[in-house]
Amino acid sequence: MLFKDIKCPNCETYHDPTLQKCPECHNSNELYKLNRVPKRAVFLHPICQIAMFIIGFAYAGMLFTEFFYAFFIRMIDSSDAQFKSTLLLTLTYVTMLIALLAVPLLSRRKLFLSKFNNGIDYIYGLAFAITLMAAGVLINALTSIWHTPADNINQQGVESIAKSYPLIGIFIMGIVGPICEELTYRVGLYSFLRRINKYLALILTMVIFAMIHFTFDAENIVEELWSLPSYLVSGLLLTLAYELRGPACSITAHACYNLIAIIMIMVAR
Ligand SMILES: [Zn+2]
């Protein structure tokens with residue numbers, strides 16, 4: 001358990017046990033080494049971690065923000081429903097991104113930004129993106145032995161926006177969405193649970209990440225269930241990317257994977 005603040009033996013101030021060094025006197029933290037805290041992963045205060053999870057969690061912050069903007073969008077004098085829903089989605093995602101970035105930037109700015117200055121992390125991110133693609137192809141090939149795939153709900157939503165507004169589709173689904181999800185599930189949820197236990201954190205993050213990509217719809221439940229394994233595997237790989245190489249790596253992996261998927265949908269039509 002890495003929740004309780006520890007007392008620095010050198011300067012006697014209290015600090016978070018997940019910090020590599022005492023923020024006051026830069027004395028190295030023995031508990032950090034002892035617990036094998038991942039070096040590249042970023043740990044915020046536990047309350048900040050939970051706050052990020054609540055902000056980004058699909059059915060809390062998202063619905064609230066959407067509800068807020070929907071009120072104003074209703075006043076726009078236009079009958080173009082596709083335009084309105086795209087505008088709503090864009091505003092919701094950008095607001096979420098700002099709120100999610102505000103937490104680390106206001107609480108542990110230096111620590112957070114220091115995780116983005118290593119070029120190798122981005123290269124690893126690219127390698128993880130390729131692994132994600134390969135895993136996706138493999139899982140599709142395996143499940144297609146028993147089941148003929150149709151588009152699941154998640155893909156249909158992306159497709160309809162990508163058709164009418166390709167650039168907004170790429171921006172939201174390929175860049176803003178992945179950053180929001182990595183901040184919510186890796187920097188928020190996973191790092192919080194990681195304070196309790198590494199394996200528990202990995203499994204719970206994987207399951208919750210798969211659940212939010214899963215649409216509970218009686219009509220399409222069978223179709224959705226078949227896509228569950230690929231969500232679980234992508235959740236596992238992205239969490240590993242974060243544990244091993246930090247947020248720069250998992251964001252790169254997630255964004256590249258989504259970008260390739262969106263461009264493939266656009267090219268295919
Ligand atoms: Zn100290």
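## Helices side by side

H6 and H10 are roughly antiparallel to each other, because their angle is over 145 degrees. This is a predicted model, and in it the axes of helix H6 (residues 119–143) and helix H10 (residues 221–245) come within 10 Å and cross at roughly 160°. The crossing in which H6 passes H10 is right-handed.

Which residues make this contact? On the H6 side they are Asp121, Tyr124, Gly125, Phe128, Thr131, Leu132, Ala135, Gly136, Ile139 and Thr143. H10 brings Trp226, Pro229, Ser230, Val233, Ser234, Leu237, Ala241 and Arg245. Sorted by class, the contact of H6 with H10 holds ten nonpolar, six polar and two charged residues.

H10 has another partner to look at. Helix H9 (residues 198–212) packs with H10 at an angle of about 135°, their axes 8 Å apart. That angle makes H9 oblique to H10. H9, too, passes H10 in a right-handed crossing. Here Leu202, Thr205, Met206, Phe209 and Ala210 of H9 meet Leu228, Tyr231, Leu232, Gly235, Leu236 and Thr239 of H10. Eight of the residues in the contact of H9 with H10 are nonpolar and three are polar, with no charged residues.

Now for a pair elsewhere in the chain. Helix H2 (residues 46–56) and helix H8 (residues 166–194) have axes that come within 8 Å and cross at roughly 140°, which makes H2 oblique to H8. Is this crossing left-handed or right-handed? H2 and H8 cross in a left-handed way. From H2, the residues Pro46, Gln49, Ile50, Met52, Phe53 and Gly56 take part. They meet Cys180, Leu183, Thr184, Val187, Gly188, Leu189, Ser191 and Phe192 of H8. The contact of H2 with H8 divides into nine nonpolar and five polar residues, with no charged ones.

| Pair | Crossing angle | Axes |
|---|---|---|
| H6 and H10 | roughly 160° | within 10 Å |
| H9 and H10 | about 135° | 8 Å apart |
| H2 and H8 | roughly 140° | within 8 Å |

## The whole chain

Stepping back, the protein chain has eleven helices and two strands. Along the sequence they follow the pattern β-β-α-α-α-α-α-α-α-α-α-α-α.

What about overall size? The C-alpha atoms fill a box of roughly 65 × 50 × 35 Å along the principal axes. A compact globule with 269 residues would have a radius of gyration near 18 Å, and the 20 Å of the protein chain agrees with that.

The mean pLDDT of the protein chain is 87, with 94% of its residues at 70 or more. Where is confidence lowest, and where highest? Helix H7 (residues 153–164) has the lowest confidence, at a mean of 66, while helix H5 (residues 109–114) has the highest, at 94. Where pLDDT is low, the predicted coordinates should not be read in detail.

Conventions. Residues numbered from 1 in each chain as written. Predicted model: local features only at pLDDT ≥ 70, side-chain atom pairs only at ≥ 80, totals over all residues. pLDDT = per-residue confidence, 0-100. Helix = DSSP H or I, 4+ residues; strand = E, 2+ residues; numbered from the N terminus. Axes fitted to C-alpha atoms, helices over the stretch in contact; angles between N-to-C directions. Parallel < 35°, antiparallel > 145°, perpendicular 65-115°, else oblique. Left-handed = near helix turned anticlockwise from the far one by under 90°. Contact = placed C-beta atoms within 7 Å. Nonpolar A, V, L, I, M, F, W, Y, C, P; charged D, E, K, R; others polar. Rg over C-alpha atoms; globule rule 2.2 N^0.38 Å.
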